[in-house]
Amino acid sequence: MTPTPRTSNTPLPTTNPKVEEALAARDSLAAALSQAGIVLPAMDIRTPWADDRKDEARYALVHLGVCSAPIALMLADVITKGASG
C-alpha cells in the first residue's frame, strides 16, 4: 500500500528525526492495516510547526485522514479481535 502523498505546498523537513519516525510509523501502520484488508486512503504526516524553526525540538503526527463507515467498522473489528486475543 502506498500512502497518499502530502498535499501541502510546504515540503516536510525529511532530515528531522521526528518526521522520519512518523513516516516509518505511518508506513508500518499502513502495512499492518493492509494485511488486515483495510486501506485508509488519506494517511499522511503532519508537522504542527513552522518549517523554518529547525533549532527547536519537534514532533510529527501520523494523520489517519478520513474513511467510510464500512472501513471504520472493519478497523474497529480488527482492533477488538486483536485486543481480545
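This is a short tour of a predicted model, stop by stop.

**Before you start**

Residues are numbered from 1 along each chain as its sequence is written. Because the model is predicted, local features need pLDDT of at least 70, side-chain atom pairs count only at pLDDT 80 or more, and totals for chains, interfaces and linings use all residues, while side-chain values use heavy atoms, with hydrogens and water left out.

**Whole chain**

Select everything. The chain has two helices and two strands. Helices (H or I, at least four residues) and strands (E, at least two) are DSSP runs, numbered from the N terminus. From that end, the order is α-β-β-α.

Color by pLDDT, the predictor's confidence in each residue, from 0 to 100. The chain average is 79, and 71% of the residues score at least 70. Now select residues 1–10. Here the pLDDT is below 50, yet the stretch has 22 contacts in the model beyond near neighbours in sequence. A contact means heavy atoms within 4.5 Å.

Switch to the surface. Accessible areas come from the Shrake-Rupley method with a 1.4 Å probe; for residues, only the protein chains shown count as cover. Of the 85 residues, 24% count as buried. Buried means under 20% relative accessible area, exposed over 50%, and partly exposed in between (1.4 Å probe, protein chains only).

**Stop 1: Leu 29**

Select Leu 29, in helix H1 (residues 17–35). Its relative accessibility is 33%, so Leu 29 counts as partly exposed. With Leu 29 they make a nonpolar surface patch of about 200 Å². Patch members have over 30% relative accessible area and no salt bridge; like charges are joined within 9 Å, nonpolar side chains (Val, Leu, Ile, Met, Phe, Trp, Tyr) within 5 Å. A salt bridge is a side-chain nitrogen of Lys or Arg within 4 Å of a carboxyl oxygen of Asp or Glu.

**Stop 2: Val 39**

Move to the loop between H1 and strand E1 (44–46), where Val 39 lies. Val 39 is partly exposed because its relative accessible area is 43%.

**Stop 3: Cys 67**

Go to the loop between strand E2 (61–63) and helix H2 (69–84) and pick Cys 67. At 35% relative accessibility, Cys 67 is partly exposed. Leaving aside neighbours within four places in sequence, Cys 67 contacts Leu 40 and Ala 72.

**Last view**

Residues 24 or more positions apart account for 59% of them.
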